[in-house]
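Below are some notes for a colleague who is looking through this entry. They are arranged as numbered points and go from the overall chain to single elements.

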Amino acid sequence: MSDYIEGIMDTECEVIDPVEVKEEMIVRYPTKVARKRAKQIVLNRIGEEGEVPPIQANVRTIPGIITQRGCCYAGCKGVVLGPTRDIVNITHGPIGCGFYSWLTRRNQTDADASPDGHNFMPYCFSTDMQEGEIIFGGEKKLKQAIQEAYDIFKPKAIAVFSTCPVGLIGDDVHSTAREMKKKLGINVFGFSCEGYKGVSQSAGHHIANNGIFTHVVGTDDTVGAGEYRMNLLGEYNIGGDAFEIERIFEKCGMTLVSTFSGNSSIDGFANSHTADLNLIMCHRSINYVAEMMEKKFGIPWLKINFIGAEATAKSLRKIAAYYGDQKLMDRVEAVIEEEMLPVKAAQREVRPRTAGKRAMLFVGGSRAHHYQELFSEMGMETVSAGYEFGHRDDYEGRKVLPSIKIDADSRNIEELEIHPDPERYRPRKRPEEIEKLKAAGLGVADYEGMMPEMKEGVMIIDDISQYETDKLIEIYKPDIFCAGIKEKYAVQKHGIPLKQLHSYDYGGPYAGFAGAVNFYKEIDRMVNSKIWGYIRAPWKEHPELSGSYAFES
Amino acid sequence: MKRADAKTTAAAAAPVTKGKEKKKGKENYRPTRNACKLCAPLGAALAFKGFSKTIPFLHGSQGCATYIRRYLISHYREPVDIAASNFSEEAAIFGGQKSLLLGLENVCRQYRPEMIGLATTCLSETIGDNVPMFLKEYRKGREDGPPVVHVSTPSYRGTHAEGFHEAVRAVVESLATAPETPSREGINLFPGMVSPADIRHLKEIFKDFETEVTILPDISETLDGHLWSEYIRMPEGGTPIQKIRGSGRARASIEFGRVLSGQKSAGKSLEERARVQCFSLGLPIGVSESDRLFQTLSELTGHRVPERYNAQRERLLDAYVDGHKYVSGARAILYGEEDLVIGLAAFLSEIGITPVLCASGSKSGLLKEKLSQVTPDISKIQVEEGADFSDIEEIAAQSAPDIFIGSSKGYRIARALNLPLVRAGFPIHDRIGGPRIIHLGYQGAQALFDRIANALIEKRQSDSKVGYGYM
């Protein structure tokens, strides 16, 4: 994929021995901690069969190791349900949690797309629990909050999200939700997503998937118009990504039934089970819904990726191949041909300045993988990567699923038992058709993971800590580091630019074809900034006396 | 398809049908919409960042540390490391002692901090973890380790402002010792939640008074620092631990905050324990409140007010005179921490702007009384404690304001009403330079005055059809 720069990379990397780097990163930890972290820091090797070494992932963060991970509530309310515009999301708990998840991810939505124009995303609803409720219980206050929200906004649905104290004091958000659902005649449902559950936001994603599937998916059987009807799962419309993907689908003549959950309405979730294909962007946060829809309604799923122009083209071809319709295939090819013209021009423009530069990505449960595509299109190499909250299958591929040991933390997150719906189960493809597609390399219901696509010898680090981040930068001195705002300013102190891939700083979209061009320009601007040239004052002539900035060597 | 940002006007989402009537009492509970306060552990973590090589440590879920880091970093644009005991479900049931001890051990090894600021969260508070006992256990065999200062900050009690002050008080109460001899030197300054730029200015002032000052906490460098030429485990700056210990030997303490003056505070605690006299002043914003600071300093140090401050004061008044026609008679909506609101109200009253609404998410019960001390006619001001932005929005819509002054969180309302927002306080995450906004002293008032006057001028200019080049 990056033949262009192969030569340059090899010479630069020779100096750094990843084995030594790993040693240095964990040397200061107590023995037990070091042993644990050693399993989460892996040097990539690709075996003959494409197998990669195992990595420990989705395990508890050790206390006192400053992690970038969030909590269960953050994954449930902040990530999965947050981007849906017409659900009133009430945080049941003290004020902090609601405040901190108040549209901080820069999810966009098009409120005009719904007839009622409802958009509650700019709001932060909280029961603002006080000491009295901690002692005497908060259900009464929660009911009042739901009632008030209903009276003021008349929403179609209200969701309740539990924070840490709720589970501890024994408030039953589910029975409260049921009671209010009956009383108000709208959909009201609760999530037991207390922050201490699971090991990261990943637990919250699972809980959100379960809740949406139980309470919303399949509540409206209306089959809408349009050909090639699909759902897009795990795309959260940060910086307008979903708008670009929607544009491409429309151009290809594909019909989007619903997106979970960028630019989404609860109406879309309600009849998402009428679609014929589920597309998964973020495997980590949403594969549960796809699997449950497959079991209950017979909808197959494909892992796709719209980050990177080549990846977008590949994903569109996969969709067309799934439907196996020549008309669609031709149209997709025409769209790709047209869309790639400006993309290629943009690549030619930036490559002389970006090729050979090195990136690191520590973000998400998919983004650290997806964005490598964009970098390779610019001739840049990813020298180290890792997820914040990914599981082994996100690293090594779904083939390792049977060998993943379920620990106590994961066991506490409910796995719903799903059976085919007696009336509505309708396999969209016969088993032999699926087999045929698989044989053709379509990867139905499969995800290969990040590591098989990365080079040998690169460092894969799960749940990287702030301390390890600092070490990594000190040693590798990459040209750009991709993570989130928490890491941003520490990394930039070293003179290395950081691109936020959670919320895109101020930018985006980066998905699809137009997004790729945006990203090339942004990264070009960042890795070629003149600012670093001014840092050393002219009268500081003896850098050896004061140390050198990370970017200088 | 429209590719605009999420529709931000609240009015577009749904009409607010409720009247202003803020109902009191449980029976008429009203949900909090768009809170005008953050949680207590955030305030505590912020305060701890102002002590030398101190790691804030939250006893609770890792999510709290992550969220709070995220929020502080978006304002300060500086690294903010906050550790946590990373509660698992097991810890939530059986108690967090093991997690806490392991967490402290790991933080010490990685960061070698000079102090650890341990704040509890609603999780550890709800299950009733006995943190003082855990710490006693931790201390055994680690007598030489860094001090661990514990503050109780469940977020169901108080706001970030209370969390901040409580943390400062905990630090002083844990470390400061009462002197045996009455030798008194230097002054302690408890500035409250002000900006790094404010603290740098305060340091200059004390230097010009030729007086040693211990600022508690001092975030001037730790949260507004510079690039690193070598790896820095923890940023330089912050109140040295030795100086915190010595704060009991100071000649006097000065604390800012009229509301704080009516509450428990680090300054008053030191007065009781170490007989360091505490002078409570308002946040020195505007001429009158700054005059009080300079007078107090002059009396305490025996030095005349240095000439440069006379010059600054005169320049400020000259600007007041030159700019009065742009600002006088305007109506402002003020919101934020109570003491910031009071300080800004005092300043606005001087320049002829009526703060028609003074709102805070805190509920000290003192806001109205303290505001009446600094504003000429309290009857013209609607004072709202425990307010959220929905309250502020409703009141603003009915009070014909010209300008909003406060944090970025007021932006949506200001935008809906097509009015300027002059950013002040915390959090500011839609502009660059939040930590460099100066509010205090004559210099701070000068900067605020220029910004407010220019915002009003700009609004008038852009609203005008003529396109005046002279305003």
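1. The model is a predicted one, and its chain A, with 553 residues, has a radius of gyration of 24 Å, which agrees with the value near 24 Å that a compact globule with that number of residues would have. Taken along the principal axes, the box filled by the C-alpha atoms of chain A is roughly 75 × 65 × 45 Å.

2. The secondary structure of chain A comprises 23 helices and 14 strands. Of its 553 residues, 58% count as buried, and among the contacts in chain A between residues at least 6 apart in sequence, 76% join residues that are at least 24 apart.

3. One position in chain A may be examined by itself. A:Gly508 lies in the loop between β14 (498-500) and α22 (512-527) of chain A, and this glycine counts as buried because it has 21 C-beta neighbours inside 10 Å, where the cut-off for a buried residue is 20 or more.

4. Which residues does A:Gly508 touch, if those up to four places away in sequence are not counted? They are A:Ile238, A:Gly239, A:Gly240, A:Asp241 and A:Asn518.

5. Turning to the interface, 70 residues of chain B are in contact with 84 residues of chain A. On the side of chain B that touches chain A, the elements giving two or more residues are the helices α1 (10-13), α3 (62-76), α4 (89-94), α5 (97-111) and α6 (122-126), together with the strands β1 (32-33) and β3 (83-84). The residues of this side of chain B divide into 31 nonpolar, 20 polar and 19 charged.

6. Within chain B, helix α8 (residues 160-175) packs with helix α11 (residues 266-274) at an angle of about 25°, and their axes are 8 Å apart. Since angles under 35 degrees count as roughly parallel, α8(B) and α11(B) are therefore roughly parallel to each other, and their crossing is right-handed.

7. The contact between these two helices is made on the α8(B) side by B:Val168, B:Arg169, B:Val172 and B:Glu173, and on the α11(B) side by B:Ala266, B:Ser269 and B:Leu270. Sorted by class, the residues in the contact of α8(B) with α11(B) are four nonpolar, one polar and two charged.

Terms used. Residues are numbered from 1 along each chain as its sequence is written. Chains are lettered from A and ligands numbered from 1 in the order in which they are written. This is a predicted model: local features need pLDDT of at least 70, side-chain atom pairs count only at pLDDT 80 or more; totals for chains, interfaces and linings use all residues. Axes are lines fitted to C-alpha atoms, for helices over the stretch in contact, and angles run from 0 to 180 degrees between N-to-C directions. Helices (H or I, at least four residues) and strands (E, at least two) are DSSP runs, numbered from the N terminus. Angles under 35 degrees count as roughly parallel, over 145 as roughly antiparallel, 65 to 115 as roughly perpendicular and the rest as oblique. A crossing is left-handed if the near helix is turned anticlockwise from the far one by less than a right angle, and right-handed if clockwise. Two residues are in contact if their C-beta atoms, placed from the backbone, lie within 7 Å. Ala, Val, Leu, Ile, Met, Phe, Trp, Tyr, Cys and Pro count as nonpolar, Asp, Glu, Lys and Arg as charged, and the others, Gly among them, as polar. The radius of gyration is taken over C-alpha atoms; the globule rule is 2.2 Å times the number of residues to the power 0.38. A residue is buried if 20 or more other C-beta atoms lie within 10 Å of its own, exposed if 12 or fewer, and partly exposed in between; C-beta atoms are placed from the backbone.
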